[in-house]
Amino acid sequence: WDDLIRNYRKYGLVFHNRSYVVADLCNGSFEEQLEYTTNALYDWLTYRNEYLETAYGKYHPTLLYNTYDSDAGWQNAYSGGCMTYHVNKLTGVSMSLENNDFDGGIEYAVSKGATLSEFAGNGETAQLSSTDRIHGLRVRLTGNVAKHFDVEYRVQRNGTWSSWQNNGARAGGASGSFIERIQVRLIKKKD
């Protein structure tokens, strides 16, 4: 850690509230300061990319998901770990794994009462009908993806988040309030 700080001070980057701030250590022209800052930023991005590959694995797929509101249509796509936008009439879910170098993918199903939709996968829509709001969500990984990762997810119903579920268990309930938001994340299994 100390080596990292020394190295980035050398390039004019200093730590400030856990972020990097470019310091004006170059007394040259605007063009020289711009080149200096660009090089420092490039070095930091290179370091950050190497760190992420080490921390999460070089071949970590990107999880994307979005929800369908029967009144407003498809909402923006979110990536792993983000909470979706609150919707009043959530009737469908879609998920995909981007940059996936593993065989296999992601499958998901929604439920209303005791009725479970068929599992959809890799960008398809899981829904019971275009107007049936949903109570529950199940998500699972397939193939080699499931050997290297777990999928965790939870749902918000009536303003309250469910506990985290994983690998095919139901998040939400069989009845009662309908799902308003979802949150999904991909977790690398420990070797």
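**A loop asparagine and the core**

Mentor: Asn 122 sits in the loop that links strand E9 (120-121) to strand E10 (125-126); strands here are DSSP runs (E, at least two residues), and helices are DSSP runs too (H or I, at least four), both numbered from the N terminus. The model is predicted: local features need pLDDT of at least 70, side-chain atom pairs count only at pLDDT 80 or more, and totals for chains, interfaces and linings use all residues. Residues are numbered from 1 along each chain as its sequence is written, and side-chain values use heavy atoms, with hydrogens and water left out.

The phi of Asn 122 is near 45°, a positive value in a residue other than glycine. Most residues other than glycine have a negative phi. Asn 122 is in contact with Met 95, where contact means heavy atoms within 4.5 Å. Leaving aside neighbours within four places in sequence, the contacts of Met 95 also include Gly 123, Glu 124, Ile 106, Leu 137 and Ile 182.

Met 95, Ile 106, Leu 137 and Ile 182 are among the residues that touch the most other members of the largest nonpolar core, which has 27 residues. Such a core is a set of buried Ala, Val, Leu, Ile, Met, Phe, Trp, Tyr and Cys residues joined through side-chain atoms within 4.5 Å, and buried means under 20% relative accessible area (1.4 Å probe, protein chains only). Elements giving two or more residues to this core include strand E3 (62-69), strand E11 (136-141) and strand E16 (179-188). The protein chain has three helices and 16 strands.

Conventions. Buried < 20%, exposed > 50% of the residue type's maximum accessible area, 1.4 Å probe, protein only.
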